[in-house]
Amino acid sequence: MKALVYEGVGQRSWKDKSRPDIEKPTDAIVRLTHTTICGTDLHILKGDVPAVEAGRTLGHEGIGVIEEVGDSVSSLKPGDQVLISCITSCGHCDYCKQGMYAHCRDGGWILGHKIDGTQAEFVRIPHADNSLYRLPPGLDPAAALMLSDILPTGHEIGALNGEVKLGDTIAIVGAGPIGLAALLTSRFYSPARIIMVDPDENRLAVARQLGATDTVSADPVDTIMTLTEGEGVDVAMEAVGIPESFDTCQRILRPGGKLANIGVHGRSVELRLEELWIKNVTVRTGLVNTNTIAVLMRFLEAGGIDAQSLITHRFALNEIEQAYDVFSRAASEKAIKVLLTA
């Protein structure tokens with residue numbers, strides 16, 4: 001089979017690899033029909049995730065058809081069309097029983113990280129019963145693909161960690177795929193105002209289409225403080241993963257505000273604790289658990305999320321290197337989410 005392989009910092013290749021086999025009775029082999037590229041994959045290529053070893057197949061998002069299941073898989077069968085969660089979970093360990101699938105003792109974020117991932121023609125999924133979701137009939141797989149990672153991440157690590165509530169003023173720093181997913185899912189909780197921050201005017205235009213009430217492209221701290229009459233925001237979400245965007249978030253919080261860090265950080269940030277402690281603010285971080293995929297899938301099926309609007313570019317799977325080039329130049333290419341189909 002063909003797969004997109006990480007060859008070391010800054011290096012990748014679309015090459016032949018052995019098709020995966022069932023290794024444990026809880027495994028399933030999935031033939032990929034749809035996959036995509038995540039900002040985390042770009043972080044890996046930059047060397048920000050040193051646990052990823054050369055030779056690893058990248059990718060942790062996908063839709064596919066089950067080809068084979070292990071003897072212990074009970075809820076799925078060959079021929080089922082399934083969503084692949086970016087988080088693998090056994091469903092039985094102490095962390096899974098708390099709903100913290102991200103910290104499963106025999107899983108977590110392993111696809112495209114510690115085991116071969118989904119940017120390939122076939123992928124092995126451990127703990128298939130708890131890590132795959134059968135797609136409802138009629139649900140568009142391209143839209144459903146957004147449930148693999150960005151929608152649950154925006155929902156859980158953005159809206160839920162930020163405790164967005166009715167009437168809040170929220171700011172999302174970063175209008176890339178994750179930031180826009182945080183915008184879409186924050187709207188479930190009816191904030192009065194959603195301020196999107198990004199230097200890219202194209203992404204801000206998309207944010208306005210998806211429900212942002214205000215957009216900011218420059219001088220975010222001063223601009224947001226002016227917009228809020230010096231008060232600051234109830235919730236600030238960091239959706240980039242760089243020190244500058246984190247600093248913006250901590251400087252725009254009002255007393256009692258909440259900072260939800262979504263971005264993947266490759267280097268340290270400065271925590272302005274000397275200013276934050278007296279404001280009674282809360283800072284939360286997190287890796288998505290994907291324990292809200294099922295409810296988000298029902299919402300998507302009912303037409304409650306415009307997930308399709310996040311897809312800006314479409315490629316065949318064997319054009320994945322071109323897709324990486326486009327996605328890595330997101331600003332100039334006006335790219336948000338790329339769709340790859342087999």
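How far apart are the mean positions of the positive and negative charges of the protein? In this predicted model, the distance is 1 Å. That value covers 32 positive and 44 negative charges.

Now take the overall form. Along the principal axes, its C-alpha atoms fill a box of roughly 60 × 40 × 40 Å. The chain forms 13 helices and 15 strands.

Next, consider how the chain meets itself. Look at contacts with a separation of 6 or more: 70% of them join residues 24 or more positions apart.

What share of the residues is buried? The figure is 57% of the 342 residues. The accessible surface comes to about 14100 Å². Carbon and sulfur atoms account for 48% of this surface.

Then go inside. The largest nonpolar core has 77 residues. Leu151, Ile172, Leu180, Met196 and Met237 have the most contacts within it. Helix H6, residues 177-186, supplies the largest share of this core, with six residues.

Finally, zoom in on Leu151. Which residues does Leu151 touch, leaving out those up to four places away in sequence? They are Met146, Ala181, Leu184, Thr185, Leu296, Ile305 and Ala307.

Key. Residues are numbered from 1 along each chain as its sequence is written. This is a predicted model: local features need pLDDT of at least 70, side-chain atom pairs count only at pLDDT 80 or more; totals for chains, interfaces and linings use all residues. Side-chain values use heavy atoms; hydrogens and water are left out. A nonpolar core is a set of buried Ala, Val, Leu, Ile, Met, Phe, Trp, Tyr and Cys residues joined through side-chain atoms within 4.5 Å. Buried means under 20% relative accessible area, exposed over 50%, partly exposed in between (1.4 Å probe, protein chains only). Helices (H or I, at least four residues) and strands (E, at least two) are DSSP runs, numbered from the N terminus. Contact means heavy atoms within 4.5 Å. Accessible areas come from the Shrake-Rupley method with a 1.4 Å probe; for residues, only the protein chains shown count as cover. Lys and Arg count as positive and Asp and Glu as negative; His and the chain ends are not counted. The place of a charge is taken as NZ of Lys, CZ of Arg, CG of Asp or CD of Glu.
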